[in-house]
Amino acid sequence: MIALTIDCEQWNCPLLEGKKVNENNETSFSKKGNEIILDLLDKYKIKATFFITGYFAEKEPEQVRLIKENGHEIACHGYNHFYRDNKDLDIKQDIVKAKGILEKITGENIKGFRAPQMQYSEKLIEILDDLNFKYDSSLHPCYLPGYYNNLTKPTEIFKPLENCDVIEIPASVSSFRFPISWLFIRLFGINRVIIACKKLLKKNMRPVLYFHSWEFIEMESKYVPFYYNFHTGKSFAKDIEKLIREFKNAPFVPLETLIKI
Ligand SMILES: [Zn+2]
């Protein structure tokens, strides 16, 4: 089994880079990207998991309903989408707010969570347990300077805390713990990702890949470093289609199916 997971959020990469510009909080990029992703998933009859921010859901409730109607899993990606080094943020309140919005729109319990900027911690797991989440997928078990160093953390599904029921589903990395998701697909090519997935499957591991809705449209922001814009749009969609075709018998499943909850 392979899981494709999509982080759907307001565009605030300029703000994360310290730039306060009008582009921040724009939802139209992710909205347009989702239209392309939904067509692609429908073409191959694949179901995926969408981690959606409460802010995006508030602005685009119709599209959130459409994603659910198409049979995909709706999971929570916080409200604010600014978790890294944000000392002012009350994470629990932020998650409560986002979960409430998503549950109101979908009419169902939201089981899964992914922290903005993959800010995994055991404290986060405790919060998610309190809020009745079943799983978290915020752990990227690799080293990204300035973001996190998770080189000693597990790379397969595990239970982080004895006293919490929340299961952790890490995003997959290659056997050398090199990232194989989002910008690392665009910078280093889909073939490397395909090889890494084949190796994981051979070891009976379940590849979990993630990317962002906005990566499916041609991003041309002048407020972010080149790698946010590089190879986005049609060429990225083509890469993901190549991956899907390569593993057409996988099957592809949402995370709730991957851990059978
Ligand atoms: Zn995000």
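Visitor: What makes the place of P251 a loop between α10 and α11?

Guide: Happy to start there! Helices are DSSP runs of H or I with at least four residues, strands are E runs of at least two, and both are numbered from the N terminus. In this predicted model, α10 covers 234-246 and α11 covers 255-258, with P251 in the loop between them. The peptide bond from A250 to P251 is cis, and its omega is near -10 degrees.

Visitor: How many helices and strands does that definition give for the protein chain?

Guide: The protein chain has 11 helices and 9 strands. Numbering runs from 1 along each chain as its sequence is written. Because the model is predicted, local features need pLDDT of at least 70 and side-chain atom pairs count only at pLDDT 80 or more, while totals for chains, interfaces and linings use all residues.

Visitor: Why is H81 called buried?

Guide: A residue is buried if 20 or more other C-beta atoms, placed from the backbone, lie within 10 Å of its own; 12 or fewer make it exposed, and anything in between is partly exposed. H81 has 26 such atoms within 10 Å, so it is buried. H81 sits in the loop between β3 (73-76) and α5 (91-106), and its phi is near 55 degrees, a positive value in a residue other than glycine.

Visitor: And what makes D85 exposed?

Guide: D85 has 11 other C-beta atoms within 10 Å, so it counts as exposed. D85 is also found in the loop between β3 and α5, with a positive phi of about 55 degrees although it is not a glycine.

Visitor: Why is N150 called partly exposed?

Guide: With 19 other C-beta atoms within 10 Å, N150 falls in the in-between class, so it is partly exposed. N150 lies in the loop between β7 (148-149) and β8 (167-168).

Visitor: Which residues is N150 in contact with, leaving aside its neighbours within four places in sequence?

Guide: Contact requires C-beta atoms, placed from the backbone, within 7 Å of each other. On that basis N150 touches Y120, L139, H140, P141 and C142.

Visitor: How do you know that the radius of gyration of the protein chain agrees with a compact globule?

Guide: The radius is taken over C-alpha atoms, and the globule rule is 2.2 Å times the number of residues to the power 0.38. For 261 residues a compact globule would come out near 18 Å; the protein chain has 17 Å, so the two agree. Buried residues make up 44% of the 261 residues.

Notes. Contact = placed C-beta atoms within 7 Å.
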